[in-house]
Amino acid sequence: MTFSIVGRCAETGQLGIAISSSSIAVGARCPWLRAGVGAVATQNITLPALGPEILDLLEAGESAGAALDKALTRHGFSQYRQVAVIDRHGATALFTGSEALGVHNALAGEQCVAAGNLLANQAVIAAMVTAFEGGAGEALADRLLAAMQAAMAAGGEAGPVHSAALSVVGDLLWPIVDLRVDWVEEDPIGRLGQLWEAYRPQMQDYVTRALDPTQAPSYGVPGDE
């Protein structure tokens, strides 16, 4: 049903998530990030509340493992959950319940955690970690997307995927990247990559416009002078 990678850039401190699913609008329910705090992917039988609650606990000083355990215990039904966590220092935690769907796996790597369920095979998750680790020095968004592409090359889900999302936070209160493909019949990860390539050259412009409108580049729309 879903596979994801949660990662951190050791050079910039940025945190990010890339995720894809056979379900519609995976980006609306599963990835949760907070600048300077951490990132959480909550999937399988998704409970969106786990994301912000784990981030609250991380912000209060809990370790990644303790925050994950406390949030799961609060709500029960943990056997149906699959959750991946990384904190602002790169410490990770992961959990897969006994009722996870189909072939499932979760694996922590250097500055990342990958997890998935209803997979074509367990090697999909290892391929994601290898791809992410192999991209050290590249932009975090590129490394996350490379991991997703590696997952598909290794077999991806047992069935077709229809939605995908990419989100990255840095020093600002809001995400610097928040891109979604909510439903396509095929290749949402490819579509997501196209969105990123279109957004990449404009990303800093949107930050400049927000922080200092007097320095904003031309908007490139009718009436803009």
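Student: Where does G27 lie, and what makes this residue count as buried?

Tutor: G27 sits in the loop between β2 (15-21) and β3 (31-34), where helices (H or I, at least four residues) and strands (E, at least two) are DSSP runs numbered from the N terminus. Buried means under 20% relative accessible area, exposed over 50%, and partly exposed in between (1.4 Å probe, protein chains only). G27 has 6% relative accessibility, so G27 counts as buried. The model is predicted: local features need pLDDT of at least 70, side-chain atom pairs count only at pLDDT 80 or more, and totals for chains, interfaces and linings use all residues. Residues are numbered from 1 along each chain as its sequence is written, and side-chain values use heavy atoms, with hydrogens and water left out.

Student: Which residues is G27 in contact with, leaving aside neighbours within four places in sequence?

Tutor: They are A165 and R180; contact means heavy atoms within 4.5 Å.

Student: Why is I45 called partly exposed?

Tutor: The relative accessibility of I45 is 37%, so I45 counts as partly exposed. I45 is in the loop between β4 (38-44) and α1 (50-59).

Student: What makes I45, F77 and Y80 a patch?

Tutor: Patches are made of residues with over 30% relative accessible area and no salt bridge; nonpolar side chains (Val, Leu, Ile, Met, Phe, Trp, Tyr) are joined within 5 Å, and like charges within 9 Å. I45, F77 and Y80 form such a nonpolar patch on the surface, with about 290 Å² of accessible area together (Shrake-Rupley method, 1.4 Å probe; for residues, only the protein chains shown count as cover).

Student: How do you know that R143 has no salt bridge?

Tutor: A salt bridge is a side-chain nitrogen of Lys or Arg within 4 Å of a carboxyl oxygen of Asp or Glu. For R143, which is buried, the nearest side chain of opposite charge is E138, 6.2 Å away. Lys and Arg count as positive and Asp and Glu as negative; His and the chain ends are not counted. R143 is found in helix α4 (residues 140-153).

Student: What makes α1 mostly covered?

Tutor: Seven of its ten residues are buried, among them L50, E53 and L57. The buried residues of α1 pack against β3, β4, α2 (64-75) and β5 (81-87).

Student: Which residues have the most contacts inside the largest nonpolar core?

Tutor: F3, I5, M128, L144 and L166 have the most, in a core of 33 residues. A nonpolar core is a set of buried Ala, Val, Leu, Ile, Met, Phe, Trp, Tyr and Cys residues joined through side-chain atoms within 4.5 Å.
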